[in-house]
Amino acid sequence: MCKKETGSGWGEVDLLSVEQALRMTDEAELGRFYSEAYDLKLKYRGPCVYFRGLIEISNICRKNCLYCGIRAGNDKVKRYELSDHQVLEEAQFALDAGYGSVVLQGGERSDKAFTERITRLVKEIVKLRKSAPETEGERDLSLGITLSLGEQSLSVYKEWYDAGAGRYLLRVEASGRGLYDKIHPVAGRDRLLHSYECRVKAIGELKEIGFLTGTGVMIGLPFQRYEDLARDILFFREMGVDMVGMGPYIPHGDTPLGELYFRLKGDISGEREVLREYGELFLLNDVEKLELSLKMVAVLRHVMPHINIAATTALQVLSPEGRERALLAGANIIMPNVTDLSVKGEYNLYDGKPGVADDAEATRQRLESNLEKLGIPIGWDTRGDWR
Ligand code: 5AD
Ligand code: SF4
């Protein structure tokens, strides 16, 4: 059922045409644009959406990204780390639920105890098999493993790859150096940890090692302009990534950028200056930000029709149907959360994280029924890689 073709989309593409697409406002035109993107997804990737069970292994992070709720400097966060047993149990749930893949995501740490633990866990997850396979083919199915654990040394990436993790997600967050430096700390020791060059280099290294490599950006950041987003699209293409996850920036009150947002949002009188200083996207309302995120998904599907594009959880903060709308605009991956309820609420990258009271089974049922209503089939028990 989930057949695909290979090939390429929008042959020549330039900054201006991408920016024009992102500025589109006519509803009928937008509707056509989304449905063309959806058709491209059908043609190149087939009708199915693929699931990756998301395991939020820890909210301990050495970094201090100015937008993120679990940044090291936020002392209001109750830090946690899942036990090996919990991680393996959640992975087993994902496998039994038919997800085909898991993502281990967590704050960035580079100590040996951490990196060796991940190696061990990856090796254990590779060995898991379905508890009660329904058909013969499922007997041999092992989980695809994606890691989303920040920047690491080349030898650590290699160790994790050799252990059996085939995919790595490392969002560039903002592909232009200027914007990147505005949303990350620029002083002291923190400065060295948040280097734009290292970030871009890391994405290249991951590809070279052989990972199916994913990246992505946030949409609606302070200081961001349409042109930045257009450049992000071209960056994804230049880097030749296999997967992209992008979602709206959602302010978190206990972060420097979140504080800035909430302060400026109330100051209507200075709106014009705010726009000049902080960019034209920072004060978009939820409806506008969701629309812009959908446009990014649709443009990317036109530009890179064969890759995996995630309908990210942050979209669901802006609207209960945010992720489903992204699927209709060309996305083909969803990452249902399978993290233990006891800690799910502590992994707060942004305010208003959806579904924190739903356990993994409730999350699965709700998604399944939403997708059924839309007539989108789910690629059960398969990894859903494009190559
Ligand atoms: N809003 C939206 N996304 C965020 N992330 C971190 N903080 C926020 C926020 N406030 C995203 C980053 C990171 C991913 C794990 O979560 O893009 O790469
Ligand atoms: Fe840490 Fe990632 Fe948050 Fe940055 S975005 S503070 S690296 S968890």
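Some ground rules. This is a predicted model, where local features need pLDDT of at least 70, side-chain atom pairs count only at pLDDT 80 or more, and totals for chains, interfaces and linings use all residues. Residues are numbered from 1 along each chain as written, chains are lettered from A and ligands numbered from 1 in written order, and side-chain values use heavy atoms, without hydrogens or water.

Ligand 1, then. Its shell is Tyr67, Cys68, Gln105, Arg171, Glu173, Met218, Pro248, Tyr249, Ile250, Leu349 and Tyr350, each with a heavy atom within 4 Å of the ligand. By class, that is eight nonpolar, one polar and two charged residues. Here Ala, Val, Leu, Ile, Met, Phe, Trp, Tyr, Cys and Pro count as nonpolar, Asp, Glu, Lys and Arg as charged, and the others, Gly among them, as polar.

Now the polar contacts (pairs of N or O atoms within 3.5 Å). A backbone N or O atom of Tyr67 sits 3.0 Å from a ligand 1 nitrogen. For Ile250, again a backbone N or O atom, the distance to a ligand 1 nitrogen is 2.7 Å. Arg171 uses a side-chain N or O atom, 2.8 Å from a ligand 1 oxygen. The protein covers 88% of the 400 Å² of accessible area that ligand 1 has on its own (Shrake-Rupley method, 1.4 Å probe).

On to the helices (DSSP runs of H or I, at least four residues, numbered from the N terminus). Helix 3, residues 84–96, packs with helix 4, residues 112–127, at about 35°, axes 10 Å apart. Axes are lines fitted to C-alpha atoms over the stretch in contact, and angles run from 0 to 180 degrees between N-to-C directions. Which residues of helix 3 make the contact? Asp84, Val87, Leu88 and Ala91, with contact meaning heavy atoms within 4.5 Å. Helix 4 brings Arg117, Arg120, Leu121, Glu124 and Ile125.

Key: Helices (H or I, at least four residues) and strands (E, at least two) are DSSP runs, numbered from the N terminus. A polar contact is a pair of N or O atoms within 3.5 Å; within protein, one must be able to donate a hydrogen and the other to accept it, and residues adjacent in sequence count only if both atoms are side-chain atoms.
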